[in-house]
Amino acid sequence: MSTPIAFLKGHGTENDFVIIPDPDNAIDLPPAAVAALCDRRAGLGGDGLLHVVRSAAHPEAKAMEAEAEWFMDYRNGDGSIAEMCGNGVRVFARYLQRAGHVTEGDLAVATRGGVKTVHIDKDGDVTVGMGRARLPEGDVTVSVGERSWPARNVNMGNPHAVAFVDDLAHAGTLYSAPPFSPASAYPDGVNVEFVVDRGPAHVAMRVHERGSGETRSCGTGACAVAVAAARRDGTDPAVTGTPATYTVDVPGGTLVITERPDGEIEMTGPAVIVAEGSIDMDWLENAES
Ligand SMILES: N[C@@H](CCC[C@H](N)C(=O)O)C(=O)O
């Protein structure tokens, strides 16, 4: 029998993750293994997987090792790779704190989207510096059934299409990815957010995530929504010189997003570890094949 490997389970506003601590990058995690672990019925269940590796031990992170000791090797629930996961990096930091690798305060985490600065409160929220949003030009239309809406392109390291709707129920079941046009708009796929207003600088969203389906939260998505809502409201901190803060309700909780005059975006919310255990390697090897 193969040696079991350790896992933890955590979530940030109910965007949930299987966490695999692997400082030396010794565990092979092909897409089929990730998908099996994230399966909610036959596996552990998760929107995605956080592979916790020292930057020095991972070829994609080696160049960041001087800035950040740890690399978040993030995978979507279907096994695909994504550039960035905003809730994931907050849960990743909470894991490092719990494992004793870091204490509360500031730390740097390497991601495929670059090095991110995270601030951990001992028993409270975790804040991440998400970098700047890019707002590529281009008209995109997102559809659900007979309804369609113009969507704003927002890139937070990963691609988002943000559509303002009258009612979040109009997004339907979101069992499959909402179609968009032109079809060439997102050659690598896209995360789609549906947004309604709740009050001044306060919105609510649902999201269909690339590689995971509908999730109960998406951190990069919440940042994309906050920026799209601010621009729609005529607010641009780079112009006013004043930070803009938006509250974004997601089905799994609330995230608070601040965009500063230099364009840097910070996101704050809870990050929780809920369980730890070990994975039966015979099961995993069978599940992969
Ligand atoms: N849930 C994440 C985003 C994860 C990546 C996304 N599905 C993609 O493929 O870009 C978040 O909290 O940002």
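The questions and answers below concern a predicted model. Residues are numbered from 1 along each chain as its sequence is written. In this predicted model, local features need pLDDT of at least 70 and side-chain atom pairs count only at pLDDT 80 or more, while totals for chains, interfaces and linings use all residues.

Q: Which residues come nearest to the ligand?
A: A residue is near a molecule if its C-beta atom, placed from the backbone, lies within 6 Å of it. There are 17 residues around the ligand, and those that come nearest are Ala 82, Asn 87, Asn 158, Gly 219 and Thr 220.

Q: Which element gives the most to the shell around the ligand?
A: Helices (H or I, at least four residues) and strands (E, at least two) are DSSP runs, numbered from the N terminus. Helix H2 (86-98) and helix H3 (219-232) are the elements that give two or more residues to this shell. With three residues, the element that gives the most is H2.

Q: Which residues does the UniProt annotation "active site" cover?
A: UniProt positions are given in the numbering used here, feature names are shortened, and annotations may be inferred rather than shown by experiment. The annotation comes from an unreviewed entry, and the residues it covers are Cys 85 and Cys 218. They span 134 residues in sequence, yet they gather at one spot, because no two of their C-alpha atoms are more than 7.7 Å apart.

Q: Is Cys 85 buried or exposed?
A: A residue is buried if 20 or more other C-beta atoms lie within 10 Å of its own, exposed if 12 or fewer, and partly exposed in between, with C-beta atoms placed from the backbone. Cys 85 sits in the loop between strand E4 (70-76) and H2. It has 31 other C-beta atoms within 10 Å, so Cys 85 is buried.

Q: Which residues is Cys 218 in contact with, leaving aside its neighbours within four places in sequence?
A: Two residues are in contact if their C-beta atoms, placed from the backbone, lie within 7 Å. Cys 218 is in the loop between strand E14 (213-215) and H3, and is buried, with 36 other C-beta atoms within 10 Å. Its contacts beyond those neighbours are Asn 15, Asn 87, Asn 191, Val 207 and Glu 209.
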